[in-house]
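Trainee: I would like to go through this structure with you. Could we begin with the terms I need?
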Amino acid sequence: ERAMARLRKEATRAKQVLSANKETVMSIEDLVGDYDLRQTITRSAFEEHCSDLLERVNLPVLAALERAGNLTLKELDSFEVVGGGWRIPSIQDSLVASIARPLGKTLNSDEAACGGAAIM
């Protein structure tokens, strides 16, 4: 259980680094007993391993439009993204291709939640 927690933490760090760099080294000392993990991973390998998830990235956007009264993408003036996941380049590319316009990236998640609450 402890080894999995350390592995998850290092995987999260690698994901963040790969958002800005083309490769990173994952390193965990004494992962299991005396065995260390030291592995280089590239952004393309990361995207290949996550391809099934990346294919579904647009589904929540389409579901939100449907819940909002069957809005279409053409009816929106802008599209603002918040949170850490959108920093992954392949997610940005997928969203831009889906909505056919640039992504707004100016809000932080706290401001977005407060703004959404104020509108409601």
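Mentor: Buried means under 20% relative accessible area, exposed means over 50%, and partly exposed lies in between, with a 1.4 Å probe and protein chains only. The model is a predicted one, in which local features need pLDDT of at least 70, side-chain atom pairs count only at pLDDT 80 or more, and totals for chains, interfaces and linings use all residues. Residues are numbered from 1 along each chain as its sequence is written, and side-chain values use heavy atoms, with hydrogens and water left out.

Trainee: How many salt bridges does a search of the whole structure find?
Mentor: The search finds 1 salt bridge. The term stands for a side-chain nitrogen of Lys or Arg within 4 Å of a carboxyl oxygen of Asp or Glu.

Trainee: Which side chains meet in it?
Mentor: Those of Arg-13 and Glu-10, at 2.7 Å from N to O. Both residues belong to helix H1, residues 2-18, where they are 3 residues apart, about one turn of the helix. Helices (H or I, at least four residues) and strands (E, at least two) are DSSP runs, numbered from the N terminus.

Trainee: Is Glu-10 buried or exposed?
Mentor: Glu-10 counts as buried because its relative accessibility is 11%. Arg-13 has a relative accessible area of 30%, so it is partly exposed.

Trainee: Let us turn to the strands. How do E1 and E2 pair?
Mentor: Strand E1, residues 23-32, pairs with E2 in the antiparallel sense over 7 bridges. Two strands pair if DSSP finds at least two bridges between them. Glu-23 has Thr-42 in E2 as its bridge partner, and Met-26 stands opposite Gln-39 in E2.

Trainee: What do E1 and E2 form?
Mentor: They form a hairpin with 2 residues between them, and Gly-33 in the turn has a positive phi of about 60 degrees.

Trainee: Which residue other than glycine has a phi near 50 degrees?
Mentor: That is Asp-30, whose phi is positive. Asp-30 is found in strand E1. Most residues other than glycine have a negative phi. Ala-100 is not a glycine, yet it has a positive phi of about 55 degrees. Ala-100 sits in the loop between helix H5 (89-99) and helix H6 (109-119), and it counts as exposed because its relative accessibility is 66%.

Trainee: Back to Asp-30: how accessible is it?
Mentor: Asp-30 has a relative accessible area of 42%, so it is partly exposed.

Trainee: And where is Asp-36 found?
Mentor: Asp-36 is in strand E2, residues 35-42. With 52% relative accessibility, Asp-36 counts as exposed.

Trainee: One last topic: where does Asp-110 lie?
Mentor: Asp-110 lies in helix H6. It counts as exposed because its relative accessibility is 58%.
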